[in-house]
Amino acid sequence: MATPNNNPNQMTYEKAIALRESGKPLSKKQIWEITDLGYDYYYGKRGKVKRDPEKGVELFTIAAERGDAVAQFDLGLAYDDGVGVEEIDWDKAAHWYECAAKGGNISAMFNLALLLGKGLIGLESKEKRDREQDKRLAVYWLRKVAKKGEINAISLL
């Protein structure tokens, strides 16, 4: 694992938490740095920090709540896979995928379409969902992705 950079301006987990708790608006650069650090913790692939998916989810949440589509997508993945969260929660996954999809994230559009198409959203809730509407929404998102040339979306359509 790489040694930490002693740059005082570098985003750290502690700085991100302090920024969230301060309640002050964050710059786009700060939000991006928090998302990037969340990636480092969640996946542990770049050797910057020890892998800790729970910290990654916490950082993704900070950035996602401030509108970062990449963090929203990653948070959707966490709930979809049940990694870094208590359990798989397709409703929360769909929520974050939809936020990211509305922000233009193609992968989120595709994953949201899959959840809608499989009827996984709302399984735990007592409310009855309109499954036909979910299927129409799945096709809507698949078409948007297919127009971008995504072969898997084209195949599913």
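Here are some notes on the helices and aromatic pairs of this predicted model.

1. Start with α2, which runs over residues 28–43. From first C-alpha to last, its 16 residues reach 22 Å, close to the 22 Å expected at 1.5 Å a residue.

2. Now α1. Its buried residues are Y13, A16 and I17. They sit on the same side of α1, because they cover an arc of only 95 degrees around the axis. The buried residues of α1 pack against α2 and α3. Just after α1 there is another glycine to check, G23, whose phi is positive at about 75 degrees.

3. Besides being one of the buried residues of α1, Y13 has K55 lying over its ring face, at 4.6 Å from the ring centre.

4. On to the aromatics: the structure holds six aromatic pairs. In one of them, Y42 and F60, the ring centres are 5.6 Å apart and the planes stand at 50 degrees, so the pair counts as tilted. This pair links distant parts of the chain, with Y42 in helix α2 and F60 in helix α3, 18 residues apart. Both partners are tucked away: Y42 counts as buried because its relative accessibility is 4%, and F60 is buried with a relative accessible area of 0%.

5. A further pair is F73 with Y97. Here the centres are 5.9 Å apart and the planes are at 35 degrees, so this pair is tilted too. F73 belongs to helix α4 and Y97 to helix α5 (residues 90–102); they are 24 residues apart, and the pair links distant parts of the chain. F73 has 15% relative accessibility, so it counts as buried, and Y97 is buried as well, at 0%.

6. Finally, which residues do ring pairs link into a cluster? They are Y39, Y42, Y43 and F60. So if you are browsing the model, Y42 is a handy place to begin, because Y42 is buried at 4% relative accessibility and its ring pairs with that of F60.

Technical notes
Residues are numbered from 1 along each chain as its sequence is written. This is a predicted model: local features need pLDDT of at least 70, side-chain atom pairs count only at pLDDT 80 or more; totals for chains, interfaces and linings use all residues. Side-chain values use heavy atoms; hydrogens and water are left out. Helices (H or I, at least four residues) and strands (E, at least two) are DSSP runs, numbered from the N terminus. The expected span of a helix is 1.5 Å times one less than its number of residues. Buried means under 20% relative accessible area, exposed over 50%, partly exposed in between (1.4 Å probe, protein chains only). The arc is that of the directions from the helix axis to the C-beta atoms. Contact means heavy atoms within 4.5 Å. Rings of Phe, Tyr and Trp (its six-membered ring) pair if their centres lie within 6.5 Å; planes under 30 degrees apart count as stacked, over 60 as edge-to-face and the rest as tilted. A charge sits over a ring if NZ of Lys or CZ of Arg is within 6 Å of the ring centre and within 35 degrees of the ring normal.
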